[in-house]
Amino acid sequence: MRQVYKVFILSLDGLSPRSAKKLNQIRLIPRLRLLKLQLTVLVLKVLGYRQASVSEANEYTEGRFYCPVLDVHDMHTLSDLQQLRKYFKKATLFIAPSFIADFNSSDAAVQWQQFREATNDGWEIGLAGYRYVNLTSLRHSAQRTEISKSHKVISERVGVSPKVAAFPSGTFDATTISCCKESGITMGIGFSGLFEIGGTSKHLAPKLLASRLTLKNLASISSFNYNKAVKNDSEQAQTEPEEAFRSTGVK
């Protein structure tokens, strides 16, 4: 059967450099990287790819989509977001809200208002835990707290319940999946890309790092095909979950 659905995750993490000696120093995204990113978006548009949030792309059964995603968990990544907003009309933003708790009340209110405005502009809000920590290093109760607290804060502050989670360090385990299910999370992004939480845990889309873009890896990953209409293929149902979990360190 001809495959008619192509989608991949375009991670915007790591575009701005961080100093090893001054981790909290805010540094602008280099112009060359921004230009490279703009050219990539232009090429994708010519090739027929549409820009979409993760959930939006997953609603379709055919077409070509790329989903820009960004983790925001400190002032550095918040600066990245402010620089990138103008380049993307649709994307998925993963928030770890703990750093906003350090703002004074008026600044915190302004920041949450900006997140709400982003959702009105077509951006999707997902979660990355309450703090930005490797979830697999935590016990079950701590993982549940990280995920449920993040879900609660984002839902209350933004007005939309997150349906997608991005896992810091790209790793997750059975406990992470269980806690995500409890909070109504239906999709997760690990090291290798997007996968479905629950059911067969089907691998939905690979991930490409914008900070490491080359024509070769772009051509390779944009050729990825997944026909969403073919969900009863027993061989796919058996092999894809195993591959997705193995690539993210889950045993």
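1. Helix α2 contributes the most to the lining of the largest cavity, with three residues. Helices (H or I, at least four residues) and strands (E, at least two) are DSSP runs numbered from the N terminus. The model is predicted, so that local features need pLDDT of at least 70 and side-chain atom pairs pLDDT 80 or more, while totals for chains, interfaces and linings use all residues. Residues are numbered from 1 along each chain as its sequence is written, and side-chain values use heavy atoms, without hydrogens and water.

2. One cavity of 30 Å³ or more is present in the structure; the largest cavity holds about 50 Å³ of space. A cavity is a set of points on a 1 Å grid over the protein atoms alone where a 1.4 Å probe fits but cannot get out, and lining residues have an atom within 4 Å of a point.

3. The largest cavity is lined by Tyr5, Val7, Val54, Ala57, Asn58, Leu194 and Leu204. Two or more residues of this lining come from each of β1 (5-11) and α2 (54-59). By class, the lining has six nonpolar residues, one polar and no charged (nonpolar: Ala, Val, Leu, Ile, Met, Phe, Trp, Tyr, Cys and Pro; charged: Asp, Glu, Lys and Arg; polar: the others, Gly among them).

4. Helix α4 (residues 105-120) packs on helix α5 (residues 140-158) at an angle of about 80 degrees, with the axes 9 Å apart. The two helices are therefore roughly perpendicular (65 to 115 degrees; axes are lines fitted to C-alpha atoms over the stretch in contact, with angles from 0 to 180 degrees between N-to-C directions).

5. In α4, Trp112, Phe115, Arg116 and Thr119 meet Val153, Ile154, Arg157 and Val158 of α5, contact meaning heavy atoms within 4.5 Å. This contact comprises five nonpolar, one polar and two charged residues.

How values were computed: 1 Å grid on protein atoms, 1.4 Å probe; cavity = no way out; pocket = protein on both sides within 12 Å on 5 of 7 lines; lining within 4 Å. Points joined across faces, edges and corners; volume = space filled by probe spheres on them. Parallel < 35°, antiparallel > 145°, perpendicular 65-115°, else oblique.
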